[in-house]
Amino acid sequence: MRAWTIPDQRGLGGLSLQTLPDPSPGPGEVVLRIHRAALNPADRYLAEGLYPARPSFPHVLGRDGAGVIAAVGPGVEGWRVGEPALVLRGAAGVDRPGTLAEALALPAAALAKVPSGWSGAEAAGAALVLLTAHQALLQWGRLPPSTVLVSGAGGGVGAATVQLAAALGHRVIGLSRSAAKRERLVTLGAAATFDPGGGSWRRDVKALLAPLRVDLVVDTIGGALFGELVDTLGFGGRVSVVGMLAGPVPAFNTASLFFRRIRLGGVAVGSDSAEEQRRAWEESVALLEAAGQRPEVDSEFPFEEVPAAFTRLAEGPMGKVIVRLPAAG
Ligand SMILES: NC(=O)c1ccc[n+]([C@@H]2O[C@H](COP(=O)([O-])OP(=O)(O)OC[C@H]3O[C@@H](n4cnc5c(N)ncnc54)[C@H](OP(=O)(O)O)[C@@H]3O)[C@@H](O)[C@H]2O)c1
């Protein structure tokens with residue numbers, strides 16, 4: 001089978017399409033024939049040695065994907081050959097071969113059924129970002145209807161967070177540097193959107209909410225924006241720290257946390273137990289369905305064009321960047 005591999009952790013420049021032995025399922029495992037895979041910034045971080053993973057090389061990247069079951073190993077119940085499935089969780093693309101391949105073997109417990117009515121691309125890209133959004137929104141418990149501010153709102157995690165937060169009954173404010181994405185975010189459930197590059201966005205958010213403030217920030221950007229996000233919070237406000245696409249926070253005055261008793265909470269999607277992740281997934285799928293929403297797909301690239309797909313991811317997509325394999329037809 002063919003797979004995109006990296007020979008080491010010196011970056012995505014090392015990506016090459018290789019022929020590897022076909023996988024076979026061990027006990028408790030299945031082989032998934034991949035129809036579509038999805039990219040995540042974590043793939044790049046892993047390729048650059050910036051992610052806590054210990055893969056063997058050559059390593060096949062790719063956390064997310066969907067396809068059909070091609071083989072079932074001993075002891076597997078509940079899955080049969082030919083059935084559609086998606087990768088929900090686990091070490092695929094981290095400590096073991098990932099989804100940027102024509103097939104992969106993985107524990108059956110790592111799979112989920114494809115939600116009814118979802119397209120192949122929607123199924124391939126939803127798992128990691130929806131689980132992340134779920135943890136970011138619910139790690140503080142079940143908040144009453146609140147105002148949730150989402151940075152990087154057009155990205156994979158951001159779009160999923162906007163959809164889920166709105167479906168949970170929150171008032172959602174999305175930040176994106178792109179006017180087209182800000183327009184799209186409204187259809188995903190954002191009540192208002194702002195350009196974080198515009199000098200007045202904090203003033204505009206405060207004017208919109210006065211006399212209230214933001215209750216929860218879900219931040220995927222970090223960098224210089226972080227302090228500005230904290231500034232929008234009210235008393236007891238919280239920040240779910242998801243990512244740092246703009247790099248480390250250059251200067252941050254911890255005094256900004258004192259007087260409003262602001263709380264910061266890191267998000268680590270892989271830290272939930274299998275059971276917690278399955279419950280989070282089922283709830284997320286049900287919430288999207290009740291809200292009439294489906295996972296947001298930015299673009300689809302042929303399998304042979306994975307480097308171009310990573311370029312699109314680096315540009316800042318609207319939703320997920322998908323890779324389509326020949327088996328998808
Ligand atoms: N903690 C966890 O468990 C976890 C799980 C999943 C992802 N993450 C992290 O969360 C972050 C977001 O992931 P993602 O999948 O949503 O990424 P993504 O799909 O690439 O989208 C990120 C969005 O952020 C904006 N953006 C990108 N670079 C920026 C910059 N330098 N300054 C300001 N805005 C920028 C872009 O939106 P606009 O151009 O519209 O502004 C882009 O659409 C990544 O760092 C990822 O590693 C963490």
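Trainee: A residue counts as buried if 20 or more other C-beta atoms, placed from the backbone, lie within 10 Å of its own, as exposed if 12 or fewer do, and as partly exposed in between. Which residues of helix 4 (residues 179–188) are buried?

Mentor: This is a predicted model, where local features need pLDDT of at least 70 and side-chain atom pairs pLDDT 80 or more, while totals for chains, interfaces and linings use all residues. Residues are numbered from 1 along each chain as its sequence is written. In helix 4, the buried residues are Lys181, Arg184, Leu185 and Leu188. They lie on the same side of the helix, because they span an arc of only 110° around its axis (taken from the directions from the axis to the C-beta atoms). Helices (H or I, at least four residues) and strands (E, at least two) are DSSP runs, numbered from the N terminus.

Trainee: Which residues are exposed on the other side of helix 4?

Mentor: Ala179, Glu183 and Thr187 are exposed there. An α-helix has 3.6 residues a turn, so residues three or four places apart point the same way.

Trainee: What do the buried residues of helix 4 pack against?

Mentor: They pack against helix 3, strand 10 (171–175) and strand 11 (192–194); contact requires C-beta atoms within 7 Å. Just after helix 4, glycine 189 has a positive phi of about 125°.

Trainee: Now the ligand. Which residues come nearest?

Mentor: Gly152, Gly155, Gly156, Gly243 and Gly316 do, out of 29 residues around the ligand (C-beta atom, placed from the backbone, within 6 Å). Helix 1 (41–47), helix 2 (120–138) and helix 3 (156–167) each contribute at least two residues to this shell.

Trainee: Why does the ligand shell lie between the domains?

Mentor: Domain 1 (2–125 + 296–328) and domain 2 (140–266) both give residues to the shell, so it lies between them. The bounds come from an automatic or database domain assignment.

Trainee: How far apart do the C-alpha centres of the two domains lie?

Mentor: The centres of domain 1 and domain 2 are 30 Å apart. Their contact takes eight residues from domain 1 and nine residues from domain 2.

Trainee: A last topic: where is arginine 294?

Mentor: Arginine 294 sits in the loop between helix 8 (274–290) and strand 15 (297–302). It counts as partly exposed because it has 18 C-beta neighbours inside 10 Å.

Trainee: Which residues is arginine 294 in contact with, leaving aside neighbours within four places in sequence?

Mentor: Trp118, Glu122 and Leu288 are its contacts on that basis.

Key:
Two residues are in contact if their C-beta atoms, placed from the backbone, lie within 7 Å.
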